[in-house]
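Here are a few notes to read alongside the model. Take them one at a time, with the structure open beside you.

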Amino acid sequence: MTQGEPKKPVRLALLGCGTVGSEVVRLLHDQAEDLTARIGAPIEIVGIAVRRLGRERGDLPVDPGLFTTDALGLVKRDDVDVVVEVVGGIEPARTWLVEALRAGRSVITANKALLAEDGATLHDAAAEGNADLYYEAAVAGAIPLLRPLRESLHGDRVTRVTGIVNGTTNFILSSMDSSGAGFSEALDEATELGYAEADPTADVEGFDAAAKAAILASLAFHSRVTAADVFREGMTGVTAGDMASAKEMGCTIKLLCIAERGPDSSGQESVSVRVHPAMIPRSHPLAGVGDAFNAVFVEAEAAGQLMFYGRGAGGTPTASAVLGDIVAAARNRLSGTRAPSESNYAHLPVRPIGEAVTRYHISLDVAERPGVLAAVAGVFAQHEVSIATVRQSGRAEDAKLVIVTHGAPDANLAATVEELSRLDIVRSIASVLRVEGGA
């Protein structure tokens, strides 16, 4: 810092003081001296909006008089420079943040659901108020991922983003892979260790990952993508048998978010965004990501392949990302500059899942009699799906065919599975999983 009169503090309003909000307060207190040096002025918390005033907050290093239940009133105060929102949900968070942005206040949010559902409204409000909008903490916790996409790779052309962006599901699938446990047993373990919520639906059904996929695709491809645009399939149907079959192929199973840029069926440039469980070869960089860690694999024309890895959730890692945004927003206010605005110039349409090229791993319980393999192969040929490998096991009531296809449009693969289910020689379709990563 240069010598002279100390600069006025940058005044901050915090919306929410739960797990993440409390860590933000602690880090602002514990690192106050360093933060002041980095920013050029101190950060002063001028108010904290909470749902209930009487809640016990332990040894939180903050004046109890700063707490209020009037979040909107706090946002409207003239002495607020920066608003940090860690409450979550769509409303009333959207109302608060739009009010702040239109008034020219810098906004930092970890609200992936709001950004994925209606990020356009926030970006438009930021443009209207000439205000900063930062949201590094919305995807992958402490991993510096969004800013590289938003700034560092801005001069490059990103073609594909593949990621493990939900720690709960990754812990469950990693446990199933290492122990041979079924989904229910692995979920129970995740819940006991605190990795899974009492209601894990948002995680295991892919809603959380789909919201993050929409944010990643929007940044990577300069196009507005919402959660509604993302094909989503949960991982509750993954079995111990699926995991064993993956091992036999030299693969493992991960819940992936996959965003790709490329031509649609008519040759028009478009994007495909999907979330689903998939087999990937153990040689793939994402295959070794275990426990509750996150990792995102980015492919760009000039930069090549990039990997981002770390803890994707938790109070302290997420608060770390929030503080990084606070520093950036505060420095911008002091210098009179603004963060890079939304880049959606490409306006690329989102193509349906049916046009995404992928591969299927299909396990069929079949009757043991002559002509079964020929009949099954005929269905694949009819839908222009090429078979890569076939493995037959068991006899009589235990007869099973395991088929892995070459790449084909998902619509062709799905139609193949649908017709196979109607064959009298197919007793049941035991499982269907997509295969990614060139396995």
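Where is the place of Glu-384?

1. Glu-384 is found in the loop between α13 (372–382) and β14 (387–393). Please keep in mind that this is a predicted model. The phi of Glu-384 is positive, about 60 degrees, although this residue is not a glycine. Glu-384 has a relative accessible area of 67%, so it counts as exposed, the cut-off being over 50%.

2. Now turn to Ala-140, in the loop between β6 and α6 (146–152). Ala-140 is not a glycine, yet has a positive phi of about 65 degrees. Is Ala-140 buried or exposed? Its relative accessibility is 1%, and therefore Ala-140 counts as buried. As background, most residues other than glycine have a negative phi, and most peptide bonds are trans.

3. Next comes a peptide bond to look up: the one joining Glu-91 and Pro-92 is cis, with omega about 10 degrees. You can find Pro-92 in the loop between β4 (82–85) and α4 (93–102).

4. Strand β2 (residues 43–49) runs parallel to β3 and is joined to it by two bridges. Ile-48 has Phe-67 in β3 as its bridge partner.

Definitions and conventions: Residues are numbered from 1 along each chain as its sequence is written. This is a predicted model: local features need pLDDT of at least 70, side-chain atom pairs count only at pLDDT 80 or more; totals for chains, interfaces and linings use all residues. Side-chain values use heavy atoms; hydrogens and water are left out. Two strands pair if DSSP finds at least two bridges between them. Helices (H or I, at least four residues) and strands (E, at least two) are DSSP runs, numbered from the N terminus. Buried means under 20% relative accessible area, exposed over 50%, partly exposed in between (1.4 Å probe, protein chains only).
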